[in-house]
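Q: I've got a new model on my screen and I'd like to learn how to read it. Can you walk me through it, feature by feature?

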Amino acid sequence: MDARAATLARAARLKAMFEAAGAKPVDPAVLQPAHLLLELYGEDIRARAYVTSDAVRGELMLRPDFTVPVVQMHMAGGADPARYTYAGEVFRRQEVDPSRASEFVQVGYEVFDRENPAAADAEVFALISHGVSDLKGLRAATGDIGILMAAVDGLETSPARKAALMRHIWRPRRFRGLLERYSGRSPVPPARAALLAGAAADDAPAIGLRSREEVEARIETLRADAATPPLSGLTLSALGALLAVRETMPFALERLRDIAIDLPAITPALDRLEARIAALRARGVNVDKLDFEASYGRTSMEYYDGFVFGFYAEGRPDLPAVASGGRYDALTRILGQGAEIPAVGGIIRPGLMVDLGAARWA
Amino acid sequence: MGVKLGVPSKGRLMEKTFDWFEKRGIRMVRTESEREYAGAVEGIDGIDLVLLSAGEIPRELAAGRIHMGVTGTDLVHEKLPLWEQQVEEVVPMGFGHADLVLAVPRFWRDVDTVDDLDAAAAAFRRVHGERLRIATKYHRLVREYLTDGGVADYALIDSQGATEGTVKNETAEAIADITSTGETLKANHLKILSDGPILKSQATLWRSRTAPCTPTERATLQQCLDQVLEPV
């Protein structure tokens, strides 16, 4: 059997497994309206998705994943609760690394359920884990973006600073830069200092859509920011400690509980982590061996806002995750036009499983 | 068949390329009529001149259809992913200097760096409900640079010419373009962000890593490279 046929056969088996777990099969269109996806993800997705257009529908994209179309479908009138599965190609433009596939099969499982989020997290993780279980030598990584979000939300600083930090949670370098500035550890750039000291207005004409009022409003914001007291050293080191947590799940929780003494705002998020650990254990997952990294998922998974996980082939850092997923409650809020529902899902890449399996048997 | 050398087919870039080679003992002439893009090389045997638009030269080098080519650093970096694997930089030629820069309206007193641009973009999106648009033809380089700088809430708008006018025409809020003196930017009431160009570019001689060579062609290529790399 060639690799393509083997991939499709495996995809069919995985999809059947998800259906047996109660998921309804869905089949979103390959062509998706580009506007919505660009609105959600920004320019980054344009670099990753094939964009095309026609005279009637305007700009379209070959689906870069299934999650957004599935969430849209659900928010437009799905059952409550609901479970979905799908299998099909997704398309990613490769501008840098020719060894990465431009087209590959994903099989996914998505749960929309407001009853018990911890149980839903555990259900998705356990099913995906089961789906990849005949492949040996996979390492599972887990994390929780919600803990970091709660920490930012609870900082004793201005709403503007919190919003800026929240916006850059997915850009670790930028996030660190902001923290350093907000704690007074990096110097004010000379141009900024001159501006705040009252440098004269320019006589250049106001061209473009951004108005002079918007420029002046931002200068006001900068003045207010300059008057905001710096973040305390204690807060900063607690955040640093949080970001560095990397332990097996129960130890990570213990460590985070210690950190919560200085960052009490993360306590509800830690309660959710604790409930998730219990739910995973109840599902038969060996949580004592499962890694938890507080920074995991910060660079690649922009719509996740809670539990995140991935399965990686050990000794193959060149390969993307064989399976990955997470919780994306906020996405349902954005796409729900007023409605929202807690949601969690994950995907498996059967093509990578076939390649890795073949390499192992060769 | 000889060694194929691709050079820009018109304008100052062509003239300066011809001058550069002539100083190194290789004389290039456009043959027959000025309209037809054909040329000949004197002073070295076995080299075929291929006149091309500077924008096509990176692709021809990568495809191995020409052995050597003259074009700007900006075009090679923009058009060829992993360019180091496809072409080799032989020598920068010392002309055609230009920087790829980000420029915003000069009256934006609050924006001096990429960080400022990001904050302005966030505020712009809140006010206008749209992402801040940046007009450019260098999509890959600009996106890479902005991703690296942690800028969000922007959208790239394609502009293949007269990019400096897009802000006044309200089809973009900022631009990323090539500039050598900055005069056109100034005339259009734009200023360059202070934290450096996205890329410094100049006309450069490149060698294809993919073009097949017969032993004779390899010898000719080496002779040509030796000749141009000799100090003038």
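A: Let's begin with what counts as a contact: two residues are in contact if their C-beta atoms, placed from the backbone, lie within 7 Å. Keep in mind that this is a predicted model. Now for chain A: among contacts between residues at least 6 apart in sequence, 70% join residues at least 24 apart.

Q: What secondary structure does chain A contain, and what does its radius of gyration say?

A: Chain A has 15 helices and 12 strands. Its radius of gyration is 23 Å, close to the 21 Å from the globule rule for 362 residues, so chain A is as compact as a globular protein of that length.

Q: What percentage of the residues in chain A is buried?

A: The cut-off here is 20 or more other C-beta atoms within 10 Å of a residue's own. By that count, 38% of the 362 residues in chain A are buried.

Q: Okay, let's zoom in on a helix. Which residues of H12(A) are buried?

A: Helix H12 of chain A covers residues 249-259, and its buried residues are Met249(A), Ala252(A), Leu256(A) and Ile259(A). They cover an arc of only 75° around the axis, which puts them on the same side of H12(A). On the face turned away from that buried side you'll find the exposed residues Glu254(A) and Asp258(A).

Q: Switching to chain B, how do I read a strand pair? How many bridges join S8(B) to S9(B)?

A: Look at the number of bridges and the direction of the strands. Strand S8 (residues 132-136) and strand S9 (residues 154-158) of chain B run parallel, joined by 5 bridges. To find your place in the pair, note that Thr136(B) stands opposite Asp158(B) in S9(B). Between the two strands the chain passes through helix H6 (residues 139-148) of chain B, and this β-α-β crossover is right-handed.

Q: What about the interface? How many residues does the contact take from each chain?

A: In general, the size of an interface is often given as the accessible area lost when the parts come together. Here we can go by residues: the contact takes 33 from chain B and 31 from chain A. On the chain B side, the elements that give two or more residues are helix H5 (114-128), H6 and S9 of chain B. H5(B) gives the most to that side, with 7 residues. By type, the residues on the chain B side divide into 16 nonpolar, 6 polar and 11 charged.

Q: Is Glu170(B) buried or exposed?

A: Glu170(B) is exposed, with 11 other C-beta atoms within 10 Å. Phi of Glu170(B) is positive too, near 60°, and Glu170(B) sits in the loop between S9 and S10 of chain B.

Note on methods. Residues numbered from 1 in each chain as written. Chains lettered and ligands numbered in written order. Predicted model: local features only at pLDDT ≥ 70, side-chain atom pairs only at ≥ 80, totals over all residues. Helix = DSSP H or I, 4+ residues; strand = E, 2+ residues; numbered from the N terminus. Rg over C-alpha atoms; globule rule 2.2 N^0.38 Å. Buried ≥ 20, exposed ≤ 12 C-beta atoms within 10 Å, placed from the backbone. Pairing = 2+ DSSP bridges. Right-handed = clockwise from strand over helix to strand, strands pointing away. Arc of directions from axis to C-beta. Nonpolar A, V, L, I, M, F, W, Y, C, P; charged D, E, K, R; others polar.
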